[in-house]
Amino acid sequence: MEAILTSKPHIVVIPWPVTSHMIPIVDIGCLLASHGAPVTIITPPASAELVRSRMDRAGQGAAAGITVATVPFPSAEAGLPEGCERLDQVPSPDLVPKFFDANNLFGEAVARRCRRLTAPSCVVAGMCNTWAHGLARELGAPCFIFHGFGAFALLCCEYLNTHRPHEAVASLDELFDVPVLPPFEFKFARRQLPLQFLPSRSISIKEHSIRELREFEMAVDGIVVNTFEELEHGSVARLAAATGKAVLAVGPVSLCGSPGDLDSRADADEARRCMAWLDAKKACKSSVLYVSFGSAGRMPPEQLMELGAALVSCPWPVLWVIKGADTLPDDVEKWLRNNTDADGLPESQCLAVRGWAPQVAILEHPAVGGFLTHCGWGSTLESVAAGVPMATWPFTAEQFLNEKVIVDVLGIGVSVGVMMPTEGVLRGEKSRCGEAKVEVGTEQVIRALEKLMDGGADGDGRRNKVQELKDKAKAALEDGGSSYMNLEKLIHCDFVLCSCCHQAVPPNKKNEFRMAVGVDGPIVVGF
């Protein structure tokens, strides 16, 4: 069979424009560039600074191989406020559908730009850039999707899409089985699932957008996952079998920078205060509790007060990142001023950071011994890579799925016991002071944190396990490691692209594939 080779590798990376997705996919671009592959990252102008900050963190060796191509994002054209170019900048749930409309228009502009680029050997696109598959086909390149989820969560989603057990339950709270990773048993309520599996009235994403996402998932040639095989081997293998697609585990991508490095945003006073405060605590190794709920994690004020009461009563020093602090009611703001430290005084017990904090550097600091997290997959991998055990407080999206991996599968975390998701922009709900129910009380939080930071023999076991995974995470990205080799596969391609039906095929299966689909013509090597 004749094979037609394309030119040398050139990877085009198109992030889905939301901060929590952009950071890991740009880190993947940096890792690919560090392997010597030319990479073009396409982004709206407002996100270019974020992209370049990740490149700076990765170092000159990676940054030199990356071109950042900015393409105007049609915010105003779609009815959004001017400059609203990332989903986490959308000011109201009602505007989320308009953001999806704007992103589709953005795809048309990206296509025009890509036609002027050196032909890509592969396109890696964020999960809601559903137009990227058609663009990749037009350019003669395979298309890989990046969700930002781990392999276990993706495996659960594939099961839910195929078997639809969530549609048979009588209520949003009824538990049902998701038997994807024996011998473990997993039960979820429908309200704990990713947004695309909730009733349409519960979210602000339109049904046609969800259908397009699923069609995109089914059409792509492969899946790039921020994980490593030693962490999720069973899930990676089962996901590949369930989807029939190449699944490349290339993480933890947060390790693309040198240990302890801060990205350019760390010039902010807050970041300097964080690191100086931690330095003052490092005499007591692993004594600090770090608390953060991600780039978009905002609690209702009443729940935040219950959490705060637990944190200020802790016997351990606490570094608490609070998002949306500028919108808190006056009484909550006054309580924070009276009970926490905003100045980074070395002797303080609870440093409250309002806004952004250098999370990777914080987790890698030797003073940090535990992480209270929302279970976002990026944060989970960063904690694993730093060897820090977790207490889990999932908010939304796939975070309840991730909690099962942390607590039940890996045994490196303690559940706070949250059963209900927290409202957020994509859920179409707004926080109103006095109307939100407090689900988790102060004492419940304290009990979970005591298990995390002490925990006796069980606590020692969690710490030992996460330290072993830290070592394996580092080895995965070193020369010859599992993630290193998967990055090489993405660059040099152990896959081929059929020139007739455009399906990706392993090279050693070309003849079988040709016979199965009745193709006599050439198969084009994708890259």
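Student: Is the crossing in which α10 passes α15 right-handed or left-handed?

Tutor: A crossing is left-handed if the near helix is turned anticlockwise from the far one by less than a right angle, and right-handed if clockwise. Here α10 passes α15 in a right-handed crossing. This is a predicted model, so local features need pLDDT of at least 70 and side-chain atom pairs pLDDT 80 or more, while totals for chains, interfaces and linings use all residues. Residues are numbered from 1 along each chain as its sequence is written, and side-chain values use heavy atoms, without hydrogens or water.

Student: At what angle do α10 and α15 pack, and how far apart are their axes?

Tutor: Axes are lines fitted to C-alpha atoms, for helices over the stretch in contact, and angles run from 0 to 180 degrees between N-to-C directions. Helix α10 covers residues 301–312 and helix α15 covers residues 442–453. The angle between the two is about 45°, and their axes lie 8 Å apart. Helices (H or I, at least four residues) and strands (E, at least two) are DSSP runs, numbered from the N terminus.

Student: Which residues line the largest cavity?

Tutor: Among them are S292, F293, R298, L304, L307, W320 and I322. Both α10 and β12 (318–322) give two or more residues to this lining, and β12 gives the most, with 3 residues. By class, the lining has 7 nonpolar, 3 polar and 2 charged residues. Ala, Val, Leu, Ile, Met, Phe, Trp, Tyr, Cys and Pro count as nonpolar, Asp, Glu, Lys and Arg as charged, and the others, Gly among them, as polar.

Student: What lines the second largest cavity?

Tutor: The residues are F100, N103, N104, C128, T130, S209 and E212, around about 70 Å³ of space. At least two of the lining residues come from each of α4 (96–114) and α7 (207–219), with α4 giving the largest share, 3 residues. This lining has 2 nonpolar, 4 polar and 1 charged residues.

Student: Let's turn to a pocket. Where does the second largest pocket lie?

Tutor: It lies between domain 1 (11–255 + 479–492) and domain 2 (268–426 + 435–477), because both give residues to its lining. Domain bounds come from an automatic or database domain assignment. The second largest pocket has about 670 Å³ of space and 30 lining residues, with L255, E364, A385, A386 and K470 nearest its centre. Helix α16 provides the largest share of the lining, 6 residues. The elements that supply at least two lining residues each include α1 (19–34), β14 (368–373) and α16 (456–477). The lining of this pocket divides into 15 nonpolar, 8 polar and 7 charged residues.

Student: Finally, the backbone. Is the peptide bond from P182 to P183 cis or trans?

Tutor: That bond is cis, with omega near 10°, and P183 sits in the loop between β7 (175–177) and β8 (187–189). Another cis peptide bond joins G251 and P252, where omega is about 0°. You can find P252 in the loop between β10 (246–249) and α9 (269–279).

Student: What is phi of S286?

Tutor: Phi of S286 is near 60°, a positive value in a residue other than glycine. Look for S286 in the loop between α9 and β11 (288–292).

Technical notes. On a 1 Å grid over the protein atoms alone, a cavity is a set of points where a 1.4 Å probe fits but cannot get out, and a pocket is an open set with protein on both sides within 12 Å along at least five of seven lines; lining residues have an atom within 4 Å of a point. Grid points are joined across faces, edges and corners, and a volume is the space filled by probe spheres set on the points.
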